[in-house]
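Please look over the sequence and the fold shown below, and then follow the paragraphs that lead through them step by step.

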Amino acid sequence: MTGNRDARATGGEVTASADRQARAVRLGPRSVAALVLVSAIGVAAFGWPLLADASSGLAHSKDAPWLFAALLPMLLAVVVATISDTGLDAKAIAMLGVLAAAGAALRPLGAGTAGIEPMFFLMVLSGRVLGPGFGFVLGSVSMFASALLTGGVGPWMPFQMLAMGWVAMGAGLLPGPDRLRGARELTLLAAYGAVASLFYGTVMNLQGWPYIGALATGVSFVPGDPLPENLARFVAYCLATSLGWDLPRAVVTVVATLTLGPAVLKALRRATRRAAFDAPVAFRDA
């Protein structure tokens with residue numbers, strides 16, 4: 001009887017541990033430092049119009065967006081290389097290839113029409129199951145692949161890669177990855193997906209907003225103006241130009257998460273269990 005209880009207890013431990021968040025990418029100190037560095041520079045790249053004051057040369061530099069557009073790809077390459085060097089094995093690369101291809105294939109389905117972008121829910125669910133390090137790489141690589149697939153290569157592409165990397169990484173940092181399941185987890189992921197969809201649109205607006213400064217409209221970026229005035233113009237710009245895309249993107253992400261989420265999460269967790277990322281490697285004599 002005791003043996004049966006032990007067996008059931010052992011089986012319960014196996015079942016519980018099987019649903020733990022996979023460690024497809026183990027973030028070491030170098031990987032974390034690289035992620036923090038590129039994220040800090042990314043914040044500056046997106047927010048420099050609001051952060052720069054009137055006395056700074058950056059506030060009056062028309063080359064600033066192009067400088068960041070040239071700098072970010074190199075930084076993203078460094079981050080991906082660092083993460084790969086510290087914890088991206090063959091199984092994780094295979095998983096990355098499959099999910100990045102799926103994400104790249106999903107993006108053209110909506111073709112940007114009214115914000116219908118079904119790839120967002122897949123990035124959120126993948127980041128949730130596979131962790132923040134894998135999520136950042138997946139988001140960046142998926143956006144790069146989709147840009148090549150759709151011909152959307154331009155100075156905005158590295159900003160899209162960074163923003164999508166943040167979206168998927170944030171999903172991996174949500175609370176309760178090992179214990180929260182069922183309707184509560186779906187509700188959390190749907191809420192995060194909605195916020196992340198709006199966040200993505202807002203930060204991408206920051207990337208493109210300075211380019212319309214020469215138009216001298218009521219929503220244009222004015223280099224060197226006080227922060228409250230430029231911020232008010234930016235809010236008006238978002239409401240006038242992108243809210244009609246951002247809200248449908250959030251709705252599509254929520255609906256897809258709530259309807260397809262259980263099946264996708266189950267499939268991802270089954271695949272990660274079979275991949276056994278955390279299993280120790282042991283060599284035996286023939």
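Arg233 counts as buried because its relative accessibility is 17%, where buried means under 20% relative accessible area, exposed over 50% and partly exposed in between, with a 1.4 Å probe and protein chains only. This is a predicted model, in which local features need pLDDT of at least 70 and side-chain atom pairs count only at pLDDT 80 or more, while totals for chains, interfaces and linings use all residues. Residues are numbered from 1 along each chain as its sequence is written, and side-chain values use heavy atoms, with hydrogens and water left out.

The side chain of Arg233 meets that of Glu229 in a salt bridge of 3.8 Å, N to O, a salt bridge being a side-chain nitrogen of Lys or Arg within 4 Å of a carboxyl oxygen of Asp or Glu. Because Arg233 and Glu229 are 4 residues apart in helix α9, they are separated by about one helical turn; helices (H or I, at least four residues) and strands (E, at least two) are DSSP runs, numbered from the N terminus. Glu229 is partly exposed, with a relative accessible area of 40%. Asn230 also lies in helix α9, and at 1% relative accessibility Asn230 counts as buried. A polar contact of 3.1 Å joins the side chains of Asn230 and Arg233; such a contact is a pair of N or O atoms within 3.5 Å, where within protein one must be able to donate a hydrogen and the other to accept it, and residues adjacent in sequence count only if both atoms are side-chain atoms.

The count of salt bridges comes to 6, and a network of them links Arg128, Arg181, Glu185 and Arg269. Glu185 is buried at 2% relative accessibility, and Arg269 is buried at 9%, whereas Arg181 is partly exposed at 24%.

Arg128 belongs to the buried residues of α5, a helix that is mostly covered, with 12 of its 12 residues buried. The end C-alpha atoms of α5 are 16 Å apart, which agrees with the 16 Å that its 12 residues should span at 1.5 Å a residue, the expected span being 1.5 Å times one less than the number of residues. After α5 comes Gly131, whose phi is positive, near 95°.

Leu106, placed in helix α4 (residues 90-110), is partly exposed with a relative accessible area of 21%. Apart from neighbours within four places in sequence, Leu106 is in contact with Pro118, Met119, Phe121 and Leu122, contact meaning heavy atoms within 4.5 Å.

The largest nonpolar core has 54 residues, and those with the most contacts inside it are Phe46, Leu99 and Met164; a nonpolar core is a set of buried Ala, Val, Leu, Ile, Met, Phe, Trp, Tyr and Cys residues joined through side-chain atoms within 4.5 Å. Helix α7 gives the most to this core, with 11 residues. Taken as a whole, the protein has 10 helices and 0 strands, and buried residues make up 46% of its 286 residues.
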